[in-house]
Amino acid sequence: MSSPAAYTRDDHPYCPANPGDSRSPCPALNALANHGYLPHDGRSLTAPQLAHAIEKVYGLSPVFAYFLAYGGVARCGTHGKLDLHELAVHNVVEHDGSLVHADAGQGEKYAPTNVDPVLLRQLLDTSPKDYLSLKDLTQAQVTRQAQSPPLHTLQSLVSKGELDLIMEVFGVRGSESASQSLIPDEALGDELVVPKAFLEQWLGQERLPDGWQGPSHQTGLKELIAGVRSISKAEGEETPREVTL
């Protein structure tokens with residue numbers, strides 16, 4: 001498929017949130033607002049706006065994009081409109097055990113939306129290499145969720161889906177990344193990995209990563225389900241690693 005982020009980036013420069021702008025615990029949506037694919041203030045968003053931006057930039061199928069957008073607005077919005085911060089209401093769409101966000105405080109209505117730099121570093125330190133594989137990401141999630149209150153079944157599935165989408169959207173083949181100087185490791189062959197540089201910018205700064213050419217393929221519900229199954233199997237083989245926060 002085409003790479004939408006590659007040919008529209010100049011028309012959508014990165015501009016971080018201003019005071020008063022609405023932002024969520026979701027780096028994907030925050031990055032869309034920071035690049036102007038969504039209104040920069042992140043307020044009064046409609047499901048069609050969200051679906052179009054998600055499909056255009058992240059390469060999700062129209063059905064999948066609309067499923068996510070309409071679901072988010074229905075569950076967290078008001079009168080068919082959504083401010084991004086409304087997605088931070090605890091345990092509605094948001095859940096504990098996020099890779100880079102602290103858990104909601106006891107009795108708090110909203111979860112934190114700012115990236116926790118300690119958790120981001122914990123994620124990146126999962127591997128000493130310049131990239132994270134699916135095994136690394138799974139290990140990171142198992143470790144992070146061991147630090148948090150247990151998730152119920154639906155939240156666990158959602159967290160696995162979020163992890164799969166990172167790989168689907170930002171994963172690059174080892175052979176391709178070596179030729180693009182993203183990861184100097186030709187021994188990877190065709191293994192799909194995510195450059196740490198991508199994660200530092202997308203998760204840490206909520207911006208579309210430099211050097212990212214857009215998703216290599218379209219991701220629909222079929223691909224997501226297959227990815228969640230792979231992650232579920234991989235999680236059974238992982239144990240939390242010891243970390244010092």
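**Surface patch and ring pairs**

Student: Where is Ile 225 found?

Tutor: Keep in mind that this is a predicted model. As for Ile 225, the element to look at is helix H10.

Student: Is Ile 225 buried, partly exposed or exposed?

Tutor: Buried needs under 20% relative accessible area and exposed needs over 50%. Ile 225 comes in at 45%, so the label is partly exposed.

Student: Which element gives the most residues to the nonpolar patch?

Tutor: The patch is made of Val 63, Phe 67, Leu 68, Leu 221 and Ile 225, with about 460 Å² of accessible area together. Two elements give two or more residues each, helix H10 (221-235) and helix H4 (62-76). The top giver, with 3 residues, is H4.

Student: On to the rings: what kind of pair do Tyr 58 and Trp 202 make?

Tutor: A whole-structure search turns up 7 aromatic pairs. For Tyr 58 and Trp 202, the centres sit 6.3 Å apart and the planes meet at 75°. Planes over 60 degrees apart get the edge-to-face label, so this pair is edge-to-face.

Student: How many residues apart are Tyr 58 and Trp 202 in the chain?

Tutor: Tyr 58 lies in helix H3 (residues 47-58) and Trp 202 in helix H9 (residues 196-204). This pair links distant parts of the chain, and the separation is 144 residues.

Student: Is Trp 202 buried or exposed?

Tutor: The cut-off for buried is under 20% relative accessible area. Trp 202 has 7% relative accessibility, so the call is buried.

Terms used
Residues are numbered from 1 along each chain as its sequence is written. This is a predicted model: local features need pLDDT of at least 70, side-chain atom pairs count only at pLDDT 80 or more; totals for chains, interfaces and linings use all residues. Side-chain values use heavy atoms; hydrogens and water are left out. Patches are made of residues with over 30% relative accessible area and no salt bridge: like charges are joined within 9 Å, nonpolar side chains (Val, Leu, Ile, Met, Phe, Trp, Tyr) within 5 Å. Accessible areas come from the Shrake-Rupley method with a 1.4 Å probe; for residues, only the protein chains shown count as cover. A salt bridge is a side-chain nitrogen of Lys or Arg within 4 Å of a carboxyl oxygen of Asp or Glu. Helices (H or I, at least four residues) and strands (E, at least two) are DSSP runs, numbered from the N terminus. Buried means under 20% relative accessible area, exposed over 50%, partly exposed in between (1.4 Å probe, protein chains only). Rings of Phe, Tyr and Trp (its six-membered ring) pair if their centres lie within 6.5 Å; planes under 30 degrees apart count as stacked, over 60 as edge-to-face and the rest as tilted.
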